Amino acid sequence: MVTPRPIASVFGGAACLLASTAMAPLFAGTIWWLRPVLIATVVGVGTAVLGRHVGRSIRHPALTGFCLSLVGLCTSVTAVGAHDAALLGVIPTPASTSALYDLATPIRDEIRQLAVPVPEQPGLVVLILVATYVVVMAVDLLVVVVDRPALAGIPLLALFLVPAAILPAGVGTLPFVLGAIGFVALMLLDGNRMVTRWGRLTGDRSPRMISNGLGGLGAQIAAGCLVIAAVVPLVLPSLDGRGVVNRGNATGASEGRSSASVIQPIVSLSQQIHNEREVPLLRVSTATPNYLRLTALENFDGQRFTLRTLNATKDARVSEGLPGPEADVRTVPAEATVTISKEMTERYLPVPGIPTRFDGLVGDWRLAEPTGTVFSTRTSTAGLRYTVQAEVPDPTSEQIRAATGAVPDSMGVVTALPTGLDPRLPALLDRVTAGAVPGYAKVVAIQNYLRGPDFTYDLTGAPTAQDGALADFLFSSRRGYCEQFASAMAVLVRLLGLPSRVAIGFTHGTQQSDGSWLITNKQAHAWPEVWFPTLGWIPFEPTRRTDGSTPAPDYAPSTDPADDAGASSAPEADEAVGVEPTPVVTPVPADPGAIDEEPEQPVGSAAKGARTHSFPPPWLPWAGLGLGVLGLLSVPALTRLVLRRRRMAAGPHGSAGSAAPTDAELVARVHAVWAELVDIAADLGIRLRSSDSPRSGAQRLISFLEAGPEAGSPEILAARDALMRLATAQERARYAPPGTIAFSPALLTDLALARRVLWSVTPRGRRAMATVAPPSVLRRITPGQDDRPVLAATGSGPREGS
């Protein structure tokens with residue numbers, strides 16, 4: 001029959017909690033995602049143990065534990081996700097079920113849309129709780145019910161899969177070590193349990209002693225393996241340049257793979273714009289401010305544009321030279337010095353126009369020529385400072401109008417449209433472009449239609465990741481932000497048969513007193529690019545932001561008089577945002593040596609020198625977790641300390657000031673003193689057989705004392721006499737007739753002397769283990785151990801000789 005085994009369940013829950021730290025880099029903040037993890041762990045373990053305990057009476061502990069765990073899952077999800085609609089806040093109702101369904105519906109779109117680190121979302125909180133709870137249930141079933149702790153590594157590994165697949169640098173050393181510690185603890189617990197199943201040996205080595213020895217050896221081996229696994233990757237050359245060996249060669253000029261690839265990104269445009277906090281990301285020193293371009297999204301699935309896989313060989317490193325723009329297109333030269341904040345950790349380099357040369361750029365950056373993206377799989381943009389020379393396309397209207405010709409077959413990806421598009425789109429295109437000459441004129445007509453009075457820039461527009469968002473934008477709400485405007489124009493241009501895509505980057509930002517341009521997350525932007533024969537990719541601007549920062553290009557002027565008026569008279573702040581930007585402490589300075597210094601003036605309307613402090617501070621949850629772990633590790637030592645003081649005070653029965661103790665109380669006091677001596681021996685690793693009499697046990701302790709170099713010293717002799725007096729008192733308590741037993745305070749003095757001398761002759765390492773993790777306490781909570789008292793320490797059996 002399956003037993004409750006609460007300690008094994010707690011170990012499994014602790015392993016899940018430690019492994020869940022791998023998810024920390026996926027989320028912005030800590031409290032909001034750690035709370036459902038803790039709830040799932042505590043409720044999952046608690047319901048499983050309680051269910052198995054109750055199920056023992058009906059002989060189906062595994063089934064009742066599983067069923068009660070499911071009940072715990074339902075109530076936990078209800079309490080976290082639909083508290084207001086539930087009965088008593090935790091019992092599911094039809095209304096709470098509907099509320100949970102509404103929370104779960106947008107989760108898929110949120111996962112696709114949001115970039116790492118993901119901000120708090122109600123649906124994601126529920127998803128984290130459910131996922132963690134399922135892992136806790138699986139681990140508990142494998143560890144306790146199936147009794148195969150090794151297999152528990154599979155569900156624990158599931159907590160590492162998502163961060164390992166998404167994060168460019170992997171899960172990191174600390175989460176790996178913590179997760180491994182949890183798994184190793186499960187294996188050591190199982191090994192200890194397996195040894196105790198061998199039964200009782202008749203020799204000096206009991207199963208407990210063997211298991212303690214094997215457990216110590218296993219712990220040493222596991223600790224060595226963890227150290228090797230954590231340290232070796234740090235000192236070996238790595239593919240991403242994070243190893244110690246690679247740090248000295250940041251340019252990557254001769255090492256590395258022959259090609260580099262970037263994992264398909266989740267566009268963070270909406271996340272950046274909707275962030276309530278205004279965060280400075282870049283400072284640009286230039287005489288010709290331009291949009292800064294990160295990358296271009298070319299794949300269209302019917303709802304949204306996504307990035308194609310980026311590949312670049314080592315010959316495409318920007319240090320090897322850049323191809324530049326098409327020869328027939330008119331361009332304007334631009335030069336900019338870009339300083340990037342440590343807050344911006346992108347794999348795509350912000351550049352104006354078409355870059356032709358970089359100076360001071362550190363890292364292995366390569367050009368993916370089809371999309372014009374400068375990217376790296378080894379280096380992020382955080383803290384970079386570089387100077388870029390570029391050519392910004394600025395063709396004349398006549399040049400674009402004369403650029404005619406067939407679209408190459410190789411550009412199928414940027415002209416492709418999926419089946420199942422809204423059937424109203426062709427009619428809309430015909431109406432918008434009616435009377436315009438095919439080609440350039442129709443493209444400008446689409447841009448000006450979207451910039452016209454029928455459409456409103458509004459950050460509350462639905463992201464294009466949601467089903468039907470583009471159709472709703474074009475035919476119903478006609479409200480949205482740059483993502484909707486750029487995507488809608490790119491789709492309509494593809495219906496004309498012309499290649500188009502959506503570029504992602506930033507507007508030019510706000511000019512500062514020193515002449516530089518400060519760009520924050522609020523300037524994140526998207527715009528369409530259209531390909532013309534002999535000219536290449538030309539940007540257009542269908543978005544008319546209320547701050548006037550997105551004017552129509554000179555080669556595609558707007559026909560709406562209100563467009564120019566709105567651009568000139570609009571206030572600096574974006575009225576559509578609806579969020580007052582918070583003061584920012586660290587804008588990006590132009591001086592690279594001052595990147596971490598206090599700014600002269602914060603962004604926004606706050607007073608000079610204003611500072612903001614997040615609460616709780618980001619280190620507080622980790623400090624709390626560390627204190628919690630330390631507290632958990634200190635439980636055995638504290639338990640041992642409390643038990644020792646209770647025994648030394650009065651024993652388990654009676655009180656120290658009792659005037660006339662009964663025979664039972666006197667016997668209990670003697671037994672308490674002897675039990676403390678036996679636990680001292682167990683803590684110090686002195687082997688006592690359970691079949692020994694008190695006198696035989698004392699002789700073994702005396703032999704341990706006399707085996708050292710100080711045998712025969714006055715202290716050893718005094719301790720020897722004290723041990724014999726303790727053994728005699730224990731024998732009298734066990735065998736003497738009632739009325740002849742006395743408890744002398746001298747026994748406590750003898751116990752203190754014996755403990756001090758035994759402690760002094762024990763090796764230092766064993767003393768440290770006895771302090772931190774006393775075996776006498778651990779053996780009491782280890783499942784499967786022999787629970788019979790060693791040397792009749794507690795005297796709980798029947799009195800003899802009366």
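This is a predicted model: local features need pLDDT of at least 70, side-chain atom pairs count only at pLDDT 80 or more; totals for chains, interfaces and linings use all residues.
Local features were taken at pLDDT of at least 70 and side-chain atom pairs only at pLDDT 80 or more, whereas totals for chains, interfaces and linings use all residues. Residues are numbered from 1 along each chain as its sequence is written, and side-chain values use heavy atoms, with hydrogens and water left out.

Rings of Phe, Tyr and Trp (its six-membered ring) were paired if their centres lie within 6.5 Å, with planes under 30 degrees apart counted as stacked, over 60 as edge-to-face and the rest as tilted. The count by this rule is 9 aromatic pairs. One of these, Phe 473 with Phe 485, is edge-to-face, with 5.0 Å from centre to centre and 75 degrees between the planes. The two residues are 12 apart and lie in helix α15 (residues 469–477) and helix α16 (residues 482–495), respectively, helices being DSSP runs of H or I with at least four residues, numbered from the N terminus. Both Phe 473 and Phe 485 are buried (under 20% relative accessible area, 1.4 Å probe, protein chains only).

A charge was assigned to a ring where NZ of Lys or CZ of Arg is within 6 Å of the ring centre and within 35 degrees of the ring normal. The charged end of Arg 478 sits over the ring of Phe 455, at 5.7 Å from its centre, and Arg 424 lies over the face of Phe 475, 4.2 Å from the ring centre.

Leu 87 is placed in the loop between α3 (61–81) and α4 (94–104).

Note on methods
Buried means under 20% relative accessible area, exposed over 50%, partly exposed in between (1.4 Å probe, protein chains only).
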